[in-house]
Amino acid sequence: MKIAFFGDSLTEGFPGVSSYGILKKELPGHKLYNYGKGGDTVFSLLKRLRQTRLKAIYDLSFVWIGVNDVLAEVSWTFKIIKKLRRQPWTSDTDLFEARYLQLLKIVKKRSQRTVTVSPLFIGEDLTSGWNLLLKKRANIIKGLSDSMPNVHFIDLQDVFRERLEGIKVRPYVPRSVLSIFRDLVRSIRGNKKD
């Protein structure tokens, strides 16, 4: 099979564990394509795909994007980072839905089957404003996916919600560029130990 992955740093695999890397090892007889780019938002991924010549018609494609739109919306630090990296985001819900639909149509043209994945939570406090907004975005993605043939939705939020239920959690809220950089360095150091 030819399998494509479209998304942000979680797809690209930096920093942290690359699901793409794991799948590439687990599926050696298949051809995998990674179109993940750190920091991408729905809009910046859409712009990038409009300018990218996709390499094949894929048997299966995964679209996992949306968390950076919310980060940019609720954190001035991420707004600055997005502007510096020229990665526009979508803060308006209707515009988010319209751009995600455009993105899905581009991927669908090149794929026999498409799987959309809900954006993950930011931290473990599921009642934070960030995570409530991410749940709304996941519902938009689910609605779009359900309305199209050969598009299937996976709600990763439900899996994590079940795991975190009843556990005392602390909110993760990066307050400054320095704290984000420190977290990045810790993540990289942790991966080198593995």
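The legends below describe an overall view and close-up views of a predicted model. Residues are numbered from 1 along each chain as its sequence is written, and side-chain values use heavy atoms, with hydrogens and water left out. Because the model is predicted, local features need pLDDT of at least 70 and side-chain atom pairs count only at pLDDT 80 or more, whereas totals for chains, interfaces and linings use all residues.

**View 1. Overall fold of the protein chain.** The protein chain has nine helices and five strands. Helices (H or I, at least four residues) and strands (E, at least two) are DSSP runs, numbered from the N terminus. Read from that terminus, the elements follow the order β-α-α-β-α-β-α-α-α-β-α-β-α-α. The protein chain has 194 residues, of which 43% count as buried. Buried means under 20% relative accessible area, exposed over 50%, and partly exposed in between (1.4 Å probe, protein chains only).

**View 2. The second largest pocket.** This pocket holds about 240 Å³ of space. A pocket is an open set of points on a 1 Å grid over the protein atoms alone, where a 1.4 Å probe fits, with protein on both sides within 12 Å along at least five of seven lines; lining residues have an atom within 4 Å of a point. Grid points are joined across faces, edges and corners, and the volume is the space filled by probe spheres set on the points. The lining consists of Phe5, Phe6, Thr11, Ser19, Ile22, Leu23, Phe62, Trp64, Val117, Ile154 and Leu156. Strand 1 (2-7), helix 2 (19-26) and strand 3 (58-64) are the elements that give two or more residues to this lining. Helix 2 gives the most, with three residues. By residue class, the lining has nine nonpolar, two polar and no charged residues. Ala, Val, Leu, Ile, Met, Phe, Trp, Tyr, Cys and Pro count as nonpolar, Asp, Glu, Lys and Arg as charged, and the others, Gly among them, as polar.

**View 3. Helix 7 and its buried side.** Helix 7 (residues 129-146) has 18 residues and spans 26 Å from its first C-alpha to its last, close to the 26 Å expected at 1.5 Å a residue. The expected span is 1.5 Å times one less than the number of residues. Its buried residues are Trp130, Asn131, Leu133, Leu134, Arg137, Ala138, Ile140, Ile141, Leu144 and Ser145. They lie on the same side of helix 7 because they cover an arc of only 165° around the axis. The arc is that of the directions from the helix axis to the C-beta atoms. Exposed residues Lys136 and Asp146 are on the face of helix 7 turned away from the buried side.

**View 4. The Asp40 and Arg48 salt bridge.** The structure holds four salt bridges, each a side-chain nitrogen of Lys or Arg within 4 Å of a carboxyl oxygen of Asp or Glu. In the one between Arg48 and Asp40, the closest N and O atoms are 2.6 Å apart. Arg48 is buried at 18% relative accessible area, and Asp40 is buried at 2%.

**View 5. The Lys135 and Asp155 salt bridge.** The closest N and O atoms of Asp155 and Lys135 are 3.3 Å apart. This pair links distant parts of the chain, 20 residues apart: Lys135 is in helix 7, and Asp155 is in the loop between strand 5 (151-154) and helix 8 (156-164). Asp155 is buried, with a relative accessible area of 18%, whereas Lys135 counts as partly exposed at 22%.

View 6. The side chains of Asp158 and Arg161 meet at 2.5 Å, N to O. The two residues are three apart in helix 8, so about one helical turn separates Asp158 from Arg161. Asp158 is partly exposed at 34% relative accessible area, and Arg161 is partly exposed at 24%.
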